[in-house]
Amino acid sequence: LNWYKRYKVRKPLLLSLECSLGFHLPRCQLVNQTVSLEKEGCPRCHTVETTICRGHCPTKDPVVNLPLGHMYQDVCTYRKFEYRKLELSDCPLGVDPVVQYLVALSCHCDRCSMDTSDCTFESLPPDFCTNDIPFYY
């Protein structure tokens, strides 16, 4: 913010401008989340606590659309992560009871990677379980 030196903006005004620009939204960060784990052939969902990335990232909206330029909006996504395994206790014989789930170790703002993230506009909640949907025959 070197522009304040050229225009001799007073520091209290600058501080209030910086605070108003932030809107006090939570930044991209690790948060604890309960997720549902399920596997085809196993009768129930099991919940587990893990860490995910959640929060707001700065966005850019160009004043003029450039014909050859592409604008990408960054999302809060994983920088480092690992997979952990859980053995489901109620799977029938013949069904592998082991499922893997992602644990976020650090987060950052970047393009959405379909390999590790749900990049849809609106997705299912992390604790959603398809076994909880009633089927009508």
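How much accessible surface does the protein have, and what share of it belongs to carbon and sulfur atoms? The accessible surface comes to about 11,200 Å², and 56% of it belongs to carbon and sulfur atoms. Areas come from the Shrake-Rupley method with a 1.4 Å probe, and for residues only the protein chains shown count as cover.

This is a predicted model: local features need pLDDT of at least 70, side-chain atom pairs count only at pLDDT 80 or more, and totals for chains, interfaces and linings use all residues. Residues are numbered from 1 along each chain as its sequence is written, and side-chain values use heavy atoms, with hydrogens and water left out.

**Overall build**

- The protein has two helices and four strands. Helices (H or I, at least four residues) and strands (E, at least two) are DSSP runs, numbered from the N terminus.
- From the N terminus on, the order of elements is α-α-β-β-β-β.
- Buried residues make up 23% of the 137 residues. Buried means under 20% relative accessible area, exposed means over 50%, and partly exposed lies in between (1.4 Å probe, protein chains only).
- Take the contacts (heavy atoms within 4.5 Å) between residues at least 6 apart in sequence: 59% of them join residues at least 24 apart.

**Nonpolar cores**

- A nonpolar core is a set of buried Ala, Val, Leu, Ile, Met, Phe, Trp, Tyr and Cys residues joined through side-chain atoms within 4.5 Å.
- The largest one has 10 residues: Cys28, Val31, Ile52, Cys53, Cys57, Cys76, Tyr78, Leu102, Ala104 and Cys107.
- Strands E2 (46–54), E3 (75–87) and E4 (98–110) each supply at least two residues of this core. E4 gives the largest share, three residues.
- In soluble globular proteins, nonpolar side chains tend to be buried together.

**Aromatic rings**

- There are two aromatic pairs. Rings of Phe, Tyr and Trp (its six-membered ring) pair if their centres lie within 6.5 Å; planes under 30 degrees apart count as stacked, over 60 as edge-to-face and the rest as tilted.
- Phe81 and Tyr83 form an edge-to-face pair, because their ring centres are 5.8 Å apart and their planes stand at 90 degrees.
- Phe81 is partly exposed at 33% relative accessibility. Tyr83 is also partly exposed, at 46%.
- Tyr78, Phe81 and Tyr83 form one aromatic cluster. Tyr78 also belongs to the largest core.

**Salt bridges**

- The count is three. A salt bridge is a side-chain nitrogen of Lys or Arg within 4 Å of a carboxyl oxygen of Asp or Glu.
- Asp96 pairs with Lys39, with the closest N and O atoms 3.7 Å apart. Asp96 lies in the loop between E3 and E4, and Lys39 in the loop between E1 (29–37) and E2, so this bridge ties together parts that are 57 residues apart in sequence.
- Asp96 is partly exposed at 48% relative accessibility, and Lys39 is partly exposed at 25%.
- Asp90 meets Arg44 at 2.9 Å, N to O. Asp90 lies in the loop between E3 and E4, and Arg44 in the loop between E1 and E2, so the pair ties together parts that are 46 residues apart in sequence.
- Asp90 has a relative accessible area of 22% and is partly exposed. Arg44 is partly exposed at 45%.
- Glu82 bridges to Arg84, with the closest N and O atoms 2.9 Å apart. Glu82 is partly exposed at 30%, and Arg84 is partly exposed at 38%.
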